Amino acid sequence: MFNPPSTKIARWRWHGRWRRRAWRQTLGGAVCVFCALIIYLTYFWTERIGIDALRQSGAQRLDVYAASLENLLDKYDFLPKTLELNKDVIGLLNHPGDKTLRTAVNVYLETVNQQAKSNTIYIVNLQGLTQAASNWREQGSFIGDDVSFRPYVQDAMRGASGGFYGVGTTKLEPGYFFAHGIYHDGKMVGVASVKVNIEQLEKTWAAGADKVILADEHGVIFLSSVAAWKYKTLAPLASAVRQRLSVTRQYYSHPLPPLALADERTVGEGARIVTVRTPAATAGKFDQSAKLLLQSRSMPSRNWQFSYLSDLTQVRQNARAAAGFSGLLLGFFILLSLYMRQRQRAAAQSLKGKKDLQHAYDHLETMVAERTFSLNQMTQSLTEEIVIRRQAESELHMTQNALFQAGKMALLGQMSAGITHELNQPLTALRTMSDNAVVLLERGRLDQVKSNLGMIAQIVGRMGSITGKLKVFARKSTTRLTSVSIRAAINDALFLVERRLELEGVSFQLTMDDGEVHALCESNRLEQVLVNLFANALDAMTGCGAPRRLMVAVLGEQERVLIRVADSGCGLSEEARQHLFEPFFTTKPQGLGLGLGLTISEQIVHGFGGILRAETGPGEGACFVIELRMTRQEEEEHV
């Protein structure tokens with residue numbers, strides 16, 4: 001069959017396009033496979049490097065934790081051996097019915113326990129009955145307890161030094177027990193035992209980001225930085241082991257369920273990646289899906305095992321980030337090649353761009369005129385907006401001053417009862433003494449009249465001092481910052497709440513260096529902040545038991561002045577701390593506060609260029625800190 005030339009050419013073109021398309025698809029597939037391989041290898045090696053770094057860090061931490069535990073226990077290992085040196089201890093074991101000896105030994109053990117800072121020290125006879133104890137004054141005293149079933153007592157009676165971790169059967173307090181035989185004339189007459197609390201180590205462990213567990217020879221976890229893992233086992237316990245633990249009552253009534261550890265894989269040097277299958281509500285920082293690096297270190301001297309679990313989340317995130325970066329880098333090179341290809345196509349459109357540019361140039365004057373008109377309108381709008389904003393700032397400043405003054409008046413209103421009492425007493429005295437002066441004048445007793453008039457002048461002077469302080473506090477403050485004496489400001493603020501301190505039985509304590517300390521602020525407004533903090537502290541201590549204290553401490557450090565106002569009240573909850581300085585937030589009962597005092601105080605201190613914040617108090621109460629810039633007495637600044 002004859003094919004025209006045009007048909008053959010079309011067929012050749014179609015075959016050419018098909019081959020080019022197939023080649024591009026093959027090349028694209030190869031590039032994708034290559035990129036995927038590079039990304040996988042980057043992830044694998046980055047994760048491996050991160051795990052090696054965690055393993056080295058974990059091994060170092062395990063050595064440090066083990067050494068600190070050994071040092072703690074070694075410090076008390078000698079203590080039971082020294083008790084047989086006391087003749088009263090030997091005498092009590094030989095004469096257990098002597099009450100005088102028992103009291104003397106109890107006092108001696110109590111003194112040694114306080115000096116050694118151990119938990120409890122007690123003496124046991126050969127029948128396993130406790131004869132004397134350092135906690136003999138307490139309700140749950142060990143005296144009379146039968147501890148013969150405890151392994152450390154049995155070891156000591158066999159002549160060996162006993163060591164044992166367990167939960168106490170009297171107070172259910174865990175601890176490590178040391179025991180050593182007491183000998184007299186070469187014969188054992190009893191056992192000395194010391195109980196030490198090692199739970200304090202958990203606090204140092206919990207401060208780290210990773211988790212630490214300490215297990216005994218049976219795999220029972222008795223110390224852990226994760227509270228939910230404590231008294232669980234690394235593997236299910238055999239029935240014989242459970243029976244033995246039940247007899248010795250090592251962990252008392254704890255059921256000892258297993259802590260399910262799912263092994264993922266081993267990464268070398270005894271380290272392995274595991275998953276702790278713990279409910280999310282009790283898993284602490286780790287959830288069911290978290291991968292952990294588990295490393296263990298044995299303590300042969302006590303047959304214990306330390307385990308350190310590192311969270312692999314950051315390592316995996318770093319590996320993903322490295323893989324992502326490699327993907328981006330590969331993508332950059334691919335895009336670069338595509339860009340170079342597109343540049344060739346862009347050259348073809350260059351001529352069209354020149355034509356468009358010429359067209360734009362022809363219409364440039366029209367566009368400039370339109371743009372100029374638009375800019376003029378925008379400038380006029382911005383000018384009007386600036387004027388409006390300045391007016392708003394002025395009104396805001398006036399409103400803030402009014403708010404500060406209203407807060408000051410509210411404080412005076414809350415103190416009105418005490419102020420009235422302070423004025424009523426001298427007024428009553430004035431009336432009585434003036435009546436007496438009239439009677440004395442009629443009787444011609446001029447010396448006593450003169451004395452009465454002198455006392456009246458003193459009372460009038462005190463009333464003038466009270467009203468003067470109130471007048472100074474109530475006046476409107478300026479916005480001018482000056483060098484203010486902190487001691488004078490505290491004394492003036494204390495004057496306004498002094499009567500309330502007396503009525504409510506609150507003691508006041510001021511801690512401050514003998515020298516004068518000055519800060520850059522405005523005295524009247526600083527007094528307003530101090531009075532508000534004093535009033536809040538007194539409100540917080542209402543209903544609290546004695547003693548009730550209002551404590552103020554002034555400290556100058558690094559060109560800053562810190563004024564701490566603390567109370568012995570019930571403190572601040574975490575929820576209250578998050579909303580302390582929000583307007584209209586208050587913890588007082590309804591009708592006793594609007595929730596604006598701390599908001600106003602924070603604005604005032606901020607206006608001084610300072611900071612008002614809440615901190616944890618020295619006891620259970622609240623503590624507020626005013627931080628201001630320290631100045632010399634002659635220094636001042638205008639705002």
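1. In this predicted model, helix α3 (residues 87–94) lies across β1 (120–125), β2, β4 and β5 (187–196), and runs at about 80 degrees to β4. Helices (H or I, at least four residues) and strands (E, at least two) are DSSP runs numbered from the N terminus, and angles, from 0 to 180 degrees, are taken between N-to-C directions of axes fitted to C-alpha atoms, for helices over the stretch in contact. Helix α4 (residues 99–116) also packs on the sheet, where it touches β1 and β2 and makes about 145 degrees with the direction of β1; contact means heavy atoms within 4.5 Å.

2. The sheet itself is open, with 5 strands in the order β2-β1-β5-β4-β3 and antiparallel pairing, two strands being paired if DSSP finds at least two bridges between them. Because β2 (130–133) and β3 (162–167) stand at the edges with a single partner strand each, one side of each is left without a neighbour in the sheet. Neighbouring strands are turned by 25 degrees against each other on average, direction ignored.

3. On conventions, residues are numbered from 1 along each chain as its sequence is written, and side-chain values use heavy atoms, with hydrogens and water left out. Local features need pLDDT of at least 70 and side-chain atom pairs count only at pLDDT 80 or more, while totals for chains, interfaces and linings use all residues.
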